[in-house]
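Please read this report alongside the model.

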Amino acid sequence: MVQTSRTLIHVGSLVGDQARAAMLMRLMDGRAQTASELAAVAGVSPQTASTHLRRLIDGGILSVVAQGRHRYHQLASSDVAAMLEGILRFSDPAPPSWPRTVAVDAGFLRARTCYRHLAGRYAVAIADHLLASGAIDAGDGSWQVTAAGAERLRMLGPPLAEVIERPARARPERYCRGCLDCTERRPHLAGLVGEAMLQSFLQQDWLRRIEGRRELRVTPAGQQAFRRVFGLRD
């Protein structure tokens, strides 16, 4: 009999429960949530939600940040987010066949959050543009921002400019890497650079969050900016 990792079994049991899976999918947009908010998402009582959350915290899947009287839950790390995104890709290996005429589906395919960075058709097109123009070099485990790329990305403003100007002392793959997009099946930009890029887009009102959803709305100003900076066509 093949030996099975107890850790693998344990993690699988943690994320495999329907209520916990619903909570984790809500947290995939990178924003922290209270226990009551997550209870509503999962359709369970506050007491049941607390039990689920405690298991996820003890298992290293979630972390908690206390602010005043409130406790906010979030994914413990980008590694957890990558694991969940990988499960989503595996569970739906066929190319998406959602009706693109439906507004919510079309928007989700166009632009959404993948934990704390941008995903979807726009994200992949941006990554393709940066790679083709030599702004970023793709390595095996990490991507590198070139000198010419650093100059271009700084022009997108804060906080991306600060991340480019003062690179954090992080693992190369944590600083900048490709992340396989679960609908486009090609990589988009992740890591600290990808996270800061999304924040820059949000701060400049090129993208707007939609409450309770991973989908991001592209504003008219964003459409013009993405066309001008990255050559994107909607």
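## Loops, helices and a hairpin

Leaving aside neighbours within four places in sequence, I210 is in contact (heavy atoms within 4.5 Å) with R31, E215 and R217. The model is predicted: local features need pLDDT of at least 70, side-chain atom pairs count only at pLDDT 80 or more, and totals for chains, interfaces and linings use all residues. Residues are numbered from 1 along each chain as its sequence is written, and side-chain values use heavy atoms, with hydrogens and water left out.

**Loop residues**

I210 sits in the loop between strand 9 (207-209) and strand 10. Helices (H or I, at least four residues) and strands (E, at least two) are DSSP runs, numbered from the N terminus. Is I210 buried or exposed? I210 is buried, because its relative accessible area is 16%. Here buried means under 20% relative accessible area, exposed over 50%, and partly exposed in between (1.4 Å probe, protein chains only). H10 is 200 residues from I210 along the chain, and their C-alpha atoms are 33 Å apart.

T219 belongs to the loop between strand 10 (216-218) and helix 12 (220-230). T219 has 4% relative accessibility, so it counts as buried. Not counting residues up to four places away in sequence, T219 touches D205, W206, L207 and R208.

D205 lies in the loop between helix 11 (191-203) and strand 9. D205 has a relative accessible area of 29%, so it is partly exposed. Its phi is positive, near 60°, in a residue other than glycine.

Y115 is not a glycine either, yet has a positive phi of about 60°. Y115 is in the loop between strand 3 (112-114) and strand 4 (117-119). At 4% relative accessibility, Y115 is buried.

P159 falls in the loop between helix 8 (147-154) and helix 9 (160-165).

**Helix packing**

Two packed helices are described by the angle between their axes and the distance between the axes. Axes are lines fitted to C-alpha atoms, for helices over the stretch in contact, and angles run from 0 to 180 degrees between N-to-C directions.

| Pair | Angle | Axis distance |
|---|---|---|
| Helix 2 (residues 18-27) and helix 4 (residues 46-58) | about 70° | 10 Å |
| Helix 3 (residues 35-42) and helix 4 | about 100° | 9 Å |

Helix 2 and helix 4 are therefore roughly perpendicular. Angles under 35 degrees count as roughly parallel, over 145 as roughly antiparallel, 65 to 115 as roughly perpendicular and the rest as oblique. Helix 2 supplies A19, R20, M23 and L24 to this contact, and helix 4 supplies A49, H52, L53, R55 and L56. By class, these are 6 nonpolar, 1 polar and 2 charged residues. Ala, Val, Leu, Ile, Met, Phe, Trp, Tyr, Cys and Pro count as nonpolar, Asp, Glu, Lys and Arg as charged, and the others, Gly among them, as polar.

Helix 3 and helix 4 are also roughly perpendicular. A35, L38 and A39 of helix 3 meet P46, A49 and L53 of helix 4. That contact has 6 nonpolar, no polar and no charged residues.

In helix 7, the buried residues are Y122, A123, V124, I126, A127 and L130. G134 follows helix 7 and has a positive phi, near 80°.

Strand 1 (residues 62-67) and strand 2 (residues 70-75) run antiparallel, joined by 6 bridges. Strands pair if DSSP finds at least two bridges between them. S63 has Q74 in strand 2 as its bridge partner. The two strands form a hairpin with 2 residues between them, and G68 in the turn has a positive phi of about 65°.
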